[in-house]
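Please read these points with the structure open beside you.

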Amino acid sequence: MLMKKNDAESGERQRITIRLIKLSWKYKAGCFKTIFIQILLLVTALSGLKFTGLGIDFIRKNYDPKAPEPVWPFGLSLPQNWSFLESLLFITGLAIAFSLIQYLLNYYDKMNRARFLQKGLVVDLRSAVFSKLQRLSFRFYDSNESAALINRVTSDVQSVRLFVDGVIIQAVSIIISLSVYLTYMISMNIRLSLAGLSTLPLIFFTSYYFSKRLKPEYQEGRKLMDELIMKVIEFINGIHVIKGFAREDYELKKLKNVNEAVKKQKYNIFFLTSIFGPIVGSLSQLNIAIILLYGGYLVAKGSLPLGSGLIVFIGLMHRLSEQINASVGIIDNIQQSIVAANRVFEIIDSDETIKSPKKPIRINRAKGCITFRNVYFEYNPGEKILEDISFEIKHGQFVGILGSVGSGKSTLLSLIPRFYDPSMGAVLLDGYDLRSLSLEDLRRQVGVVFQESFLFSKTIADNIAFGKPDATIEEIQKAAKLAAVDNFISQLPDKYDTIIKESGSDLSGGQRQRLALARAIILDPPILLLDDPTAAVDSQTEKEIFTGIEGAMRGRTTILVSNRISSLKNADIIYVLQKGRITQHGTHSELLKQKGFYRKTAEIQETGIEDI
Amino acid sequence: MKHFRVKNNFNEDIPSEISLKLFWRIFKYTAPYARKRNILFILVILRSIQLLVITWMIGKIINGPISSGNFRDILLSVIGFFAFVIFTQFCFIFRSKLAMELGESVIFDLRKEVLEHLAEMRMSYFTKTKVGRIISRFTSDAEALRSGIQNVVFVSLVQFGGMLVASILMCYYDWQLFMCVLALGPVVLLLDRYFRKRLMKAYRDVQESFSRVTSNVVESIRGIKVVQGFSREKLNSKQFSKLVDTHADYNIKVAENESVFLPLLELNSQVFIAILLLIAGIRVHNGTLELSTLIQFFFLSNFFFSPINVIAGQFNMALTAIAGAERLFNFLDEKPDWVDRPTATYIEIKGKVEFKKVNFSYKKGTPILKDISFSAEPGMTIALVGHTGSGKSTITNLIAKFYLPDSGEILIDGKNILDIQTSCIRKKMGIVLQSNFLFNGSVMENILLGKENSSENDAIEAAEKLECRDIIEALPEGFNTIVGENGVGLSLGQRQIICFCRAMLANPKIFILDEATSSVDSITEEKIQNALSKLLKDRTSFVIAHRLSIVRKADLILMMENGEIVERGNHHQLLKQRGKYAKLYREFQLAK
């Protein structure tokens with residue numbers, strides 16, 4: 001059983017890896033360029049090192065005629081007639097030239113990566129994820145936490161990028177440079193190379209071991225710290241409860257305990273991290289000791305030149321261990337990029353369950369007749385939210401829907417702009433099934449005001465014109481006047497150019513809802529949907545909002561969902577929704593005469609009128 | 001929330017110099033760990049010498065035994081070399097462990113101080129301070145300070161020590177050659193300063209453009225209903241692509257600066273080595289320089305150049321640390337608005353509450369309460385009625401001693417509240433506010449918060465008294481159901497009932513209720529009304545009321561307007577007056 005699960009998991013990893021490689025292939029021009037530059041860099045680095053070594057040998061020979069002859073590559077040598085100074089100038093000139101070339105190559109490498117990765121891949125991927133997110137249905141949003149979704153556009157995309165430069169390019173350049181270094185070293189002296197390399201596997205495994213040991217510890221540390229921060233935020237948010245019941249000491253003690261735990265956990269890590277550095281350090285110094293010992297012996301014997309032999313060798317070892325250290329990082333990078341890629345691909349692959357049909361029926365302006373025909377709806381299979389809902393709304397009608405929490409009234413409303421599709425049955429607009437209409441056309445016919453209205457941190461004008469970005473200021477003002485919010489706006493110092501902060505937290509509930517109303521009616525929609533717009537406000541504010549609603553309703557089919565009798569009683573017809581079924585309908589006075597949920601609710605909401 | 005944190009301190013100023021006073025204050029925090037700190041200093045000085053000695057030894061071995069070709073000497077010196085390496089690394093274990101422990105200990109103490117400070121601050125502080133600000137003191141500022149303590153001083157010391165010893169050695173070998181090294185020093189320093197400034201600006205641009213990207217994503221996701229409801233998907237995606245593109249441009253600018261600057265330092269030392277080769281080569285040729293000196297210089301010069309870069313980096317880190325410390329200390333230095341008088345006593349509260357000519361304002365110059373006087377006998381229910389902003393909740397805030405009046409007196413059982421210990425009042429008080437705040441944890445834990453040293457049975461008993469035990473037990477896990485932000489979603493009515501139980505457990509003499517304005521679904525409403533009437537019984541209760549049923553039954557209604565009591569009396573008396581209350585009541589009725 002467990003085996004099977006592992007198999008499935010590794011299959012999944014394989015699939016993602018292949019897809020990541022395909023993604024990288026799209027940017028192959030950049031990748032190949034990077035690898036090419038890496039090879040050039042390698043060559044110049046080696047040459048620079050070689051010439052420095054040659055310089056030392058050359059001076060040594062000049063100083064001590066008994067020293068061995070400097071060995072020039074490819075059987076070349078300096079012209080015999082050059083003076084010492086000329087030769088020296090030539091060698092130093094070469095060394096400087098190589099450093100300059102290296103410098104330029106490094107610059108091009110970095111810029112090339114930034115261009116094809118940050119400006120190419122990251123921008124492409126972010127835009128793709130974002131535009132997909134914009135189109136995904138509400139069902140998707142219901143089952144995903146928003147913080148996690150945000151991360152997919154920001155940090156996860158960067159982790160996917162890591163696969164290209166932190167895994168593929170890195171791995172290819174490490175393989176190339178390792179083989180070049182090795183060949184070079186071996187061509188110089190095979191035994192010395194083997195002696196020098198003997199500790200490298202040890203360094204690799206120690207690094208790997210420690211990074212593996214430390215990772216869960218760091219994760220645990222971050223988790224504890226997050227917990228502490230969450231607790232402090234809660235402490236501040238609930239301060240009136242804590243102070244109100246005089247429980248400061250008790251809560252403080254709890255916080256201090258978590259603080260203590262953070263410290264204790266950190267102390268555990270400290271020992272591990274502080275022995276890691278020195279162990280790896282000792283190992284690479286051991287390397288140098290071995291080379292000094294054996295290489296020194298060879299130099300002493302005269303079978304290895306000092307400069308272009310021993311000193312170059314030490315330089316090479318240095319670079320080699322750097323490469324080994326970097327390769328430890330690749331393993332982490334693979335992990336990180338696969339996890340992130342999984343999350344990113346999940347979004348890109350998600351089906352847009354709600355979209356326009358291939359050949360949509362186009363409507364310019366609907367009349368506003370809405371029909372529900374035997375509509376069933378469930379969020380999760382088996383849990384019926386709406387059952388066999390049928391009714392017809394004529395254009396221009398004001399319809400109220402009463403229901404308690406969980407009766408399905410908001411769901412019913414959200415079927416009209418196709419935020420969801422019914423599980424069975426159909427919703428029709430002017431006789432057309434909603435699923436046969438162009439989605440954009442449909443939504444343009446419908447203005448929605450939600451329970452708690454989300455405003456964007458843009459200007460008031462931009463917020464009102466949200467659905468009609470090309471609206472003129474006159475249109476905006478007209479909508480604001482209809483929604484009875486124009487007065488308030490003109491009292492603000494910047495009027496319509498006032499920027500709304502933090503989704504409108506500086507506005508009152510009534511102001512927010514009336515702005516949302518203006519936003520809904522600027523499109524002059526034939527249908528207006530009001531989803532309990534006064535649920536979160538007091539009765540004074542409710543009145544304020546309704547002055548706006550009355551203006552906005554005129555000439556439109558309006559559906560208002562509420563659990564307040566006071567909001568509903570002027571409706572042309574009221575439907576009572578209980579556990580997903582319509583149990584009663586009629587006008588206010590008709591329903592008051594019937595025995596049932598409507599009357600009971602009315603009585604509770606108005607208890608004691610008689611006893612005045 | 002947990003994974004999503006926008007860096008919030010890039011717009012806060014970074015000082016350009018290091019203040020000694022501040023430095024001293026940070027240093028004092030290491031006093032409890034003086035032994036650790038002092039050993040650390042010794043280790044650090046030791047290390048700066050050790051690192052250099054290692055390099056010097058390599059040069060020495062090459063020049064000595066290897067050049068002269070004596071294998072016995074090579075073996076001995078390499079063994080000596082490796083022994084010294086082991087000793088150095090052994091010291092380093094303690095050097096890094098102690099530095100980390102010292103940093104963590106200091107930050108631990110600071111975090112503790114922040115927590116204690118928070119518990120001590122008064123209500124006014126929390127209303128005017130944003131949570132994000134407090135949290136960034138706790139996180140980014142404390143972390144900056146930690147890296148300051150762990151790294152800046154010690155790393156700089158090691159580097160500086162190495163540089164110094166290297167200079168002395170080079171001078172000793174050949175002062176003329178050393179002059180060449182010295183001449184390049186200022187060049188490196190100037191380059192470093194110039195580019196670092198440009199880099200800082202580039203980093204800031206990247207951060208700023210990134211926070212625009214994230215806030216755009218946040219809004220688009222949180223407002224997805226509106227986006228789709230108004231068919232803005234295409235336009236939004238276009239705008240977003242533009243933002244991401246700009247962000248990428250800033251990233252490229254950073255890459256450009258980095259790739260010009262960082263390799264430049266390496267180039268510098270390569271150029272130096274080439275120059276060294278040239279000058280030294282001529283001099284060796286002329287016989288005025290030993291070859292061995294050239295090789296030593298080859299190794300030692302590195303110890304002179306690389307610290308310049310490292311120390312410059314540390315200086316920037318120090319500035320960030322100091323800026324963090326400054327904000328942290330400013331935060332800790334804020335004093336609570338008031339503290340209990342030393343003469344304040346603990347009394348057995350019966351529940352009489354009096355206001356005598358009380359004036360109050362949150363902000364100077366905008367009075368919220370004007371000349372408020374009233375008296376409530378033990379057991380009375382007082383309903384506070386009036387529009388938003390009329391001062392209703394301010395009155396309850398003053399009774400709870402969350403704030404002190406500007407003038408006038410508030411008396412409990414005839415005694416000025418200034419002379420009563422704050423905790424004594426709060427322990428005899430129950431509060432339920434509009435927000436019906438629940439902590440992350442079980443329902444049981446939330447109820448038990450009402451009174452210290454109470455048992456689970458007490459909590460269940462409290463729920464029984466309110467006839468709400470069945471409602472709580474109907475939750476998925478009953479009393480053990482996890483609630484709060486990470487817990488199961490509760491309806492407003494359910495949350496309110498848990499808060500009622502919490503207040504009931506406290507068995508208060510004074511009960512404060514700020515009714516929720518949102519509509520509770522009507523069937524739960526009945527249950528709440530019932531529980532409420534039990535809570536209000538036999539306690540002095542102050543209710544900011546939205547339900548007429550409570551207002552009608554109140555012993556005293558205070559009708560508030562612009563911070564004044566405009567009418568007072570019970571329901572019938574006020575209706576007869578045909579004043580503002582009667583008008584408000586008619587509006588209420590009309591709305592029904």
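1. In this predicted model, the C-alpha centres of domain 1 of chain B and domain 2 of chain B lie 25 Å apart. Domain 1 of chain B covers 14–173 + 311–337 and domain 2 covers 175–288, with bounds that come from an automatic or database domain assignment.

2. Where the two domains of chain B touch, five residues of domain 1 are in contact with six residues of domain 2, contact being counted when the C-beta atoms of two residues, placed from the backbone, lie within 7 Å. On the domain 1 side, α5 (131–173) and α9 (291–333) of chain B each supply at least two residues, and α5(B) gives the most, with three residues.

3. Turning to chain A, its secondary structure comes to 20 helices and ten strands; these are DSSP runs, numbered from the N terminus, with helices (H or I) of at least four residues and strands (E) of at least two. The radius of gyration of chain A, taken over C-alpha atoms, is 37 Å, well over the 25 Å that the globule rule (2.2 Å times the number of residues to the power 0.38) gives for 612 residues, so chain A is more spread out than a compact globule. Taken along the principal axes, the C-alpha atoms of chain A fill a box of roughly 120 × 60 × 60 Å.

4. On conventions, residues are numbered from 1 along each chain as its sequence is written, while chains are lettered from A and ligands numbered from 1 in the order in which they are written. Because this is a predicted model, local features need pLDDT of at least 70 and side-chain atom pairs count only at pLDDT 80 or more, whereas totals for chains, interfaces and linings use all residues.
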